[in-house]
Amino acid sequence: FFLFLFIYLLIMLTNVGILVLIIIDRNLHQPMYLLFCNLSVSDVIGNTYMIPRLLSDILKPPSERLISYYECVLQAFTSHMFGTTSHTVLMIMAFDRYVAICYPLRYANIMTNRMVLKLTVFAWGVAFVLVSILLGLTIRLNRCRTLISNSYCDNASLFKLSCESVVINNIYGLTFTVVLLTSSIGCMVLTYTSISVVCLTSKNKSLNSKALKTCSTHLVAYFLMFACGMINI
């Protein structure tokens with residue numbers, strides 16, 4: 001309980017701190033940092049709907065660990081949105097780094113506030129549509145079981161409550177996962193291959209240093225998220 005409580009407080013403190021810092025510091029009102037805000041918002045929403053509930057369940061005996069079906073659906077929706085949005089936002093951030101390093105003179109014209117807003121809406125919109133279909137296919141099923149064996153609600157836990165055929169759910173779920181992971185890996189490979197070519201052919205040490213600093217932190221964040229996601233899958 002105290003381990004999860006500490007983790008939750010750390011998550012909230014760091015993410016809210018990042019958001020406040022970016023809002024109050026005008027020097028950080030740049031596309032890269034504004035896009036990064038999306039990760040913090042997603043992190044806060046996803047963990048707020050999962051960890052406090054888990055903490056309360058830890059304090060209850062197993063017989064009292066109850067959740068209504070639609071509350072469970074909402075928790076599943078939030079958890080899947082959290083994971084999907086993290087992928088789409090990191091893909092857009094990779095595109096931002098690609099434009100900044102490969103086309104530095106055109107960066108200001110391409111990555112305008114309007115473009116940042118469009119990319120943000122796209123990241124959340126795609127995640128919302130994909131996850132809505134995922135959960136919509138599950139809600140349509142009749143239920144004959146009541147036990148959620150997972151520590152939190154997700155799509156697989158929900159459709160396992162049904163005695164009907166879940167072939168469509170499995171096909172869409174696997175397609176959803178493969179398309180999302182293939183898209184994100186493909187985006188990272190393409191953008192960072194182009195960035196590497198520019199850095200290797202450029203003699204500008206300042207450019208290479210800047211690229212190394214911004215891209216390394218982005219890649220570390222991506223690989224951490226990818227590894228955690230693969231463990232869950």
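Q: Is cysteine 102 buried or exposed?
A: Cysteine 102 counts as buried because its relative accessibility is 18%. Buried means under 20% relative accessible area, exposed means over 50%, and partly exposed lies in between, with a 1.4 Å probe and protein chains only.

Q: What should I know about the model before going further?
A: This is a predicted model, in which local features need pLDDT of at least 70 and side-chain atom pairs count only at pLDDT 80 or more, while totals for chains, interfaces and linings use all residues. Residues are numbered from 1 along each chain as its sequence is written, and side-chain values use heavy atoms, with hydrogens and water left out.

Q: How many disulfides does the count come to?
A: The count comes to two disulfides, a disulfide being a pair of cysteine sulfur atoms within 2.5 Å. With bonded cysteines counted along the chain, the pattern is 1-3, 2-4.

Q: Which cysteine is joined to cysteine 72?
A: Cysteine 72 is joined to cysteine 153, with an S to S distance of 1.9 Å. This pair links distant parts of the chain, 81 residues apart: cysteine 72 is in helix α3, and cysteine 153 is in the loop between α5 and α6. Helices here are DSSP runs of H or I with at least four residues, strands are E runs of at least two, and both are numbered from the N terminus.

Q: Is that disulfide, cysteine 72 and cysteine 153, left-handed or right-handed?
A: It is left-handed, because the torsion about the S-S bond is about -110 degrees. Both cysteine 72 and cysteine 153 are buried.

Q: And which cysteine is joined to cysteine 144?
A: Cysteine 144 is joined to cysteine 163, with an S to S distance of 1.6 Å. Cysteine 144 is in the loop between α5 and α6, cysteine 163 is in the loop between α6 and α7, and the two are 19 residues apart. The torsion about their S-S bond is about 85 degrees, so this disulfide is right-handed.

Q: Is cysteine 163 buried or exposed?
A: Cysteine 163 is exposed because its relative accessible area is 55%. Cysteine 144, at 42% relative accessibility, counts as partly exposed.

Q: New topic: which residues touch the most other members of the largest nonpolar core?
A: They are Leu90, Met111 and Ile195, in a core of 26 residues. The elements that give two or more residues to this core are α2 (31-58), α3 (69-102), α5 (113-139), α7 (167-201) and α8 (205-232). The largest share, ten residues, comes from α3. Apart from this core lies another, of 16 residues, among them Ala76, Leu134, Leu137 and Leu180. A nonpolar core is a set of buried Ala, Val, Leu, Ile, Met, Phe, Trp, Tyr and Cys residues joined through side-chain atoms within 4.5 Å.

Q: What is isoleucine 195 in contact with?
A: Leaving aside neighbours within four places in sequence, isoleucine 195 is in contact with Arg97, Tyr98, Ile101, Cys102 and Cys215. Contact means heavy atoms within 4.5 Å.

Q: Which elements do the buried residues of α5 pack against?
A: They pack against α2, α3, α6 and α7. Among the buried residues of α5 are Leu134, Leu137 and Thr138. The helix has 27 residues and reaches 38 Å from its first C-alpha to its last, close to the 39 Å expected at 1.5 Å a residue; the expected span is 1.5 Å times one less than the number of residues.

Q: Which side chain does asparagine 155 join in a polar contact?
A: Asparagine 155 joins threonine 138 in a polar contact of 2.5 Å between side chains. A polar contact is a pair of N or O atoms within 3.5 Å; within protein, one must be able to donate a hydrogen and the other to accept it, and residues adjacent in sequence count only if both atoms are side-chain atoms. Asparagine 155 lies in helix α6 (residues 155-159) and counts as buried because its relative accessibility is 5%.

Q: And asparagine 169, what is its polar contact?
A: The side chain of asparagine 169 makes a polar contact with the side chain of threonine 138 (3.2 Å). Asparagine 169 is found in helix α7 and, at 2% relative accessibility, counts as buried.
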